[in-house]
Amino acid sequence: QVQLVESGGGLVQAGGSLRRSCAASGRTFSTYCLGWFRQAPGKEREFVAAIHWSGGFTLYTNSVKNRFALSRDNAKNTVYLQMNSLKPEDTAIYYCAAGNQVSRLSINYGSWGQGTQVTVSS
């Protein structure tokens, strides 16, 4: 089982930025990517972004593609999600997830972080 520890949530004004991190530990031998999902109140869980450990392949949902950016530090088994130009509709609980492939589908992610609230005020 992979353990995921998240940090970097909080409250920001519209147009501001946040930097999230997700550190993986444990049985990571079959973990090939780290992804981010989010869930707003009353809405279904939504894919945000994912990156392969190699850094050679990334995937973003359309609503964040030009505002969010993923990076990695393999030595620390950590992925970072830089969120810029934040909008109120970005408000949600954000979850880090470890999976076997870069995918928009939650079924490909077997381990999940605890989730961290991101709130964007107008």
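Helices (H or I, at least four residues) and strands (E, at least two) are DSSP runs, numbered from the N terminus. The structure is a predicted model, in which local features need pLDDT of at least 70 and side-chain atom pairs count only at pLDDT 80 or more, while totals for chains, interfaces and linings use all residues. Residues are numbered from 1 along each chain as its sequence is written, and side-chain values use heavy atoms, with hydrogens and water left out.

Strand β3 (residues 18-26) pairs in the antiparallel sense with strand β1 (residues 2-7) over 6 bridges; two strands pair if DSSP finds at least two bridges between them. Within this pairing, Gln3 has Ser25 of β3 as its bridge partner. Strand β3 also pairs with strand β8 (residues 78-83), again in the antiparallel sense and over 6 bridges, and here Gln82 of β8 is the bridge partner of Arg19.

Tyr80 is located in strand β8. This residue is buried (under 20% relative accessible area, with exposed over 50% and partly exposed in between; 1.4 Å probe, protein chains only), because its relative accessible area is 16%. Beyond its neighbours within four places in sequence, Tyr80 is in contact (heavy atoms within 4.5 Å) with residues including Arg19, Arg20 and Ser21. A separation of 13 Å lies between the C-alpha atoms of Tyr80 and Ala98, which are 18 residues apart along the chain.

Ser54 occupies the loop between β5 (46-52) and β6 (58-60). Its relative accessibility is 44%, so Ser54 counts as partly exposed.
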